[in-house]
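Have the viewer open and follow along.

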Amino acid sequence: MSETICALATATGGAIGIIRISGPQTLEILSRVFSKNLTQAQPNTIHYGHIKNRQEIIDEVLVSVFRAPHSYTGEESAEISCHGSRYILSKVLSLLIANGCRQAGPGEFTQRAYLNGKMDLSQAEAVADLIASTNQATHQMAMSQLRGHFSSKLAQLREQLLKLTSLLELELDFSDHEDLEFADRSELMELTKTINNHIIHLAKSFETGQALKQGIPVAIVGKTNVGKSTLLNRLLKDDRAIVSDIHGTTRDTIEDTIDIKGVTFRFIDTAGIRQTQDEVEQIGITRTYAAIKKASIVLWLIDEEPSTKEINDISQRTGNKKLIVIKNKADKASNNSYKPLNFPFITISAKYGTGIEKLEQAIYEAANIPTLTENDIIVTNARHYDALVRAHDSIQRVIDGLEMQLSGDLLSEDLRQALDTLSEITGGQITPNEVLENIFKNFCVGK
């Protein structure tokens with residue numbers, strides 16, 4: 001924290017590149033390489049000038065000055081807007097390092113923001129999620145967490161737990177009076193169950209958060225030559241998979257993603273299901289069945305009326321998963337009247353694009369994604385989920401202890417554990433260095 005750090009904050013190759021500097025000597029170091037003295041510069045001001053090395057002018061730049069504590073990191077900081085030349089950016093960085101800066105590590109600017117109290121730990125992690133967001137849903141989830149909605153909810157839960165703990169510990173101070181109770185046990189049970197339900201709700205949202213973050217897996221299955229690869233290419237609007245009239249062309253799973261209504265879906269084209277002696281094709285079919293197990297949604301593509309055996313087989317393999325039956329080759333079919341059981345059924349032509357919009361709508365509805373707003377709290381981080389699960393375990397022990405009429409000291413201990421566990425999410429406790437390093441090591445340099 002006593003060192004001044006610098007790093008490139010933008011991708012190379014663009015018209016403009018931004019170099020970020022933060023630390024106690026920011027303006028002194030800048031003044032050594034800039035054509036103006038910035039040590040007395042006003043906060044939130046922009047200065048035009050030159051970056052120079054002795055008499056050599058390296059580039060015409062704009063320098064934005066931010067004074068502590070009103071900066072991203074909470075420290076004296078600045079941003080240099082240069083031309084995007086790799087040579088220029090490298091030269092400016094080298095010049096800053098030669099004059100006293102140190103190259104920043106991954107996530108070090110955000111880590112300093114956390115250590116300086118500009119954001120809590122869950123908000124810091126949301127910065128990485130915001131940078132990595134690829135669609136509307138992941139962007140909204142990251143913005144909600146960055147704006148502190150998750151932190152506020154946890155603060156409410158912790159405040160309630162702290163009140164309960166304080167009352168129970170107050171009883172311990174008057175342990176000589178055995179009949180004295182500051183915490184009404186029936187009210188304590190009711191409030192504890194309410195807190196537990198909130199924690200369970202947050203933990204359950206993790207499954208939705210992971211699906212939205214990584215992409216909802218959708219398996220395209222069916223017999224050989226029904227048009228699975230053609231459908232994948234149509235959905236992706238790209239010739240991603242090989243299309244051929246030869247049976248068994250696709251022998252392995254092919255995977256790619258598309259966005260439908262702001263949600264990412266991960267489509268998996270699979271090997272056609274049929275009886276075969278080809279060992280390689282058999283491996284592909286085995287992987288098809290594995291893809292069905294992993295998928296949240298299964299698209300069963302057919303081009304003729306399926307047999308009862310085929311219907312029973314697909315029903316058993318998909319189980320409780322969302323199954324959409326797709327009748328392909330509508331441009332060739334002479335009879336579209338059949339409909340297997342009561343599954344959602346759509347008729348399309350993958351070759352000509354007929355019915356694709358209707359199919360995309362059906363896929364989106366099958367995902368059952370809740371309508372997200374910026375205020376919704378969806379847990380996306382495995383570390384947060386783990387902490388919530390452990391907090392739930394502690395609260396459940398309190399509930400069990402109340403039912404067994406355990407003493408206040410035992411109840412208080414479990415409440416304390418729940419408090420400490422929830423604090424891990426926001427960094428309210430002193431967080432071990434290895435935890436911080438693990439969190440920030442996956443950030444990009446310059447953030």
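The report below goes through the sheet, the helices, the salt bridges and an annotated site.

## Ground rules

This is a predicted model, in which local features need pLDDT of at least 70 and side-chain atom pairs count only at pLDDT 80 or more, while totals for chains, interfaces and linings use all residues. Residues are numbered from 1 along each chain as its sequence is written, and side-chain values use heavy atoms, with hydrogens and water left out.

Helices (H or I, at least four residues) and strands (E, at least two) are DSSP runs, numbered from the N terminus. Two strands count as paired if DSSP finds at least two bridges between them.

## The six-stranded sheet

Let's begin with the sheet. Six strands form an open sheet in the order β3-β4-β5-β2-β1-β6, and the pairing is mixed. At the edges sit β3 and β6 (102–103), each of which pairs on one side only. As background, strands of a sheet pair through backbone hydrogen bonds, either parallel or antiparallel.

Strand β3 (residues 45–53) runs antiparallel to strand β4 (residues 56–66), with nine bridges between them.

## Salt bridges

A salt bridge here is a side-chain nitrogen of Lys or Arg within 4 Å of a carboxyl oxygen of Asp or Glu. The model has 14 salt bridges by this rule. One of them links arginine 20 to glutamate 79, with the closest N and O atoms 3.1 Å apart. Because arginine 20 is in strand β2 (residues 16–22) and glutamate 79 is in strand β5 (residues 77–83), this pair ties together parts that are 59 residues apart in sequence. Arginine 20 counts as buried, at 13% relative accessibility; buried means under 20% relative accessible area, exposed over 50% and partly exposed in between, with a 1.4 Å probe and protein chains only.

Which residue forms a salt bridge with glutamate 304? The partner is lysine 223, and their closest N and O atoms are 2.8 Å apart. Glutamate 304 lies in the loop between β10 (297–302) and α10 (308–318), and lysine 223 in the loop between β7 (216–222) and α8 (228–236), so the contact joins parts 81 residues apart in sequence. Both are partly exposed: glutamate 304 has a relative accessible area of 43% and lysine 223 one of 31%.

Lysine 223 also forms a salt bridge with glutamate 310, the closest N and O atoms being 3.7 Å apart. Since glutamate 310 lies in helix α10 and lysine 223 in the loop between β7 and α8, the pair ties together parts that are 87 residues apart in sequence. Glutamate 310 is partly exposed, at 26% relative accessible area.

Helix α3 (residues 108–115) is mostly covered, with seven of its eight residues buried. Just after α3, glycine 117 takes a positive phi of about 80°.

Helix α12 (residues 382–403) has 22 residues and spans 32 Å from its first C-alpha to its last, close to the expected 32 Å; that expectation is 1.5 Å times one less than the number of residues. Its buried residues include His384, Leu388, Ile395 and Leu402. Seen down the axis, the buried residues of α12 fall within an arc of 160°, so they line one face of the helix; the arc is that of the directions from the helix axis to the C-beta atoms.

Methionine 189 lies in helix α7 (residues 185–214) and is buried, at 15% relative accessible area. Methionine 189 and glycine 401 are 9.8 Å apart in space, C-alpha to C-alpha, and 212 residues apart in sequence.

## An annotated site

An unreviewed UniProt entry marks Ser229 and Thr250 with the annotation "binding site"; UniProt positions are given in the numbering used here, feature names are shortened, and annotations may be inferred rather than shown by experiment. Serine 229 is in helix α8 and is buried, with a relative accessible area of 9%.
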